[in-house]
Amino acid sequence: MKRIFSGVKPTGHLTLGNYLGAVRRWVEIDQHRSDALFSVVDLHALTVEHDPARVLRLSRQAATLLLAAGLDPERCTVFVQSHVDEHTRLSYLLECTATDGELRRMIQYKEKSVRAREAGQSVRLSLLTYPVLMAADILAYGTDEVPVGDDQTQHVELTRDLAVRFNQRYGHTFTVPRATHPEVAARVMDLQDPRSKMGKSHENGAGIVYLLDEADAVRRKIMRAVTDSGQEVAYDREARPGVANLLDLLAAATGGDPKTLAGAYASYGALKKDTAEAVIELLGPVRERHAELAADPGEVERVLRAGAARARELARPLVDRAYRAVGLLPAG
Ligand code: AMP
Ligand code: TRP
């Protein structure tokens, strides 16, 4: 059976981008067709300046949301990364496999390190090594597939390179994984700035739909989405990114095709209205279920404890094997 691993960082409230780019597929497809693990990758939230109380709160909320979205602990493993030591254990061996040059080439590192410096903050070393920890997350489980949004392609490529290099040097140890992406909405754009990704921590929340937004807030944000000059509704991600983004959202929410849907609309207003209603309908049940689960934190904790125990059991032998392969003396 295929092994799937993916994760979400508790750096902000989960967005519609997280849902359409990743979580919805985990729920609807991945957990049914494979042995899948989904993790709240909390260590990754420490790579930029952070508020401990906020990371704690967001980790709990992200785990609750994954379950609310429909991950079923009877079908898949849901856990918190820092509960399983094997991730950091393996990360060190992969730091001894990766090169300084290849990490400095990572787009997210380049962008985020510039942003931190501009804000007068120092750049944490972990921001540079973060893709190695991500590789460890993936490789520790013998993962075949990594379902992620488009923005993670480069990190999964690095993971593949590290797996191949490690295997060549020390003998076959890791499965070489591949990234999978949704057919539509693999990159949901910010509603106010449709040339950048809808991200949890964008300064201006007006362009971000959060999974826990009330219907009114979703409607307001989508109705105020920046569209392009021009009148006619056409699907062109380069020339008309704002309209294309709305068409992607509508298509993802209704199961249609963005190009075909474009032909059905005579005005931007009508497109926005239908998109808003479709997204509200999509998110409503997740928000309701979240409220139920949040009222019973003991249940979420129980799921996470069992998830971590299973994850540990899977990762431990593989990471032990990697330790032996590089020449470290077995502990016993
Ligand atoms: P992150 O919020 O960076 O931890 O991302 C968790 C998952 O959501 C990853 O698979 C991302 O690729 C995906 N994701 C995040 N933002 C977007 C977006 N705007 N569009 C599509 N997928 C996204
Ligand atoms: N880097 C991913 C992101 O920013 C989150 C992540 C960490 C991840 N480890 C992972 C995703 C392992 C997939 C597999 O979205």
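The legends below describe close-up views of two ligands in a predicted model.

**View 1. The residues around ligand 1.** Ligand 1 is surrounded by 18 residues, with K9, G149, D151, V188 and K200 the closest; a residue is near a molecule if one of its heavy atoms lies within 4 Å of it. This shell divides into seven nonpolar, six polar and five charged residues, with Gly counted as polar and Tyr and Met as nonpolar. Helix α1 gives the most to the shell, four residues; helices here are DSSP runs (H or I) of at least four residues, and strands are runs (E) of at least two.

**View 2. Polar contacts of ligand 1.** A polar contact is a pair of N or O atoms within 3.5 Å. An oxygen atom of ligand 1 is 2.5 Å from an N or O atom in the side chain of D151, and a polar backbone atom of G149 lies 2.8 Å from an oxygen atom of the ligand. A nitrogen atom of ligand 1 is 2.9 Å from a polar backbone atom of M198. The protein buries 95% of the 480 Å² that ligand 1 exposes when taken alone (Shrake-Rupley method, 1.4 Å probe).

**View 3. The surroundings of ligand 2.** Around ligand 2 there are 13 residues, and the closest are K9, Y130, M134, D137 and Q152. Helix α6 supplies the largest share of this shell, four residues. Nitrogen atoms of ligand 2 lie 2.4 Å from a side-chain N or O atom of Y130 and 2.7 Å from a polar side-chain atom of D137.

**Notes.** Residues are numbered from 1 along each chain as its sequence is written, and ligands are numbered from 1 in the order in which they are written. Local features need pLDDT of at least 70, side-chain atom pairs count only at pLDDT 80 or more, totals for chains, interfaces and linings use all residues, and side-chain values use heavy atoms, with hydrogens and water left out.

Methods: A polar contact is a pair of N or O atoms within 3.5 Å; within protein, one must be able to donate a hydrogen and the other to accept it, and residues adjacent in sequence count only if both atoms are side-chain atoms.
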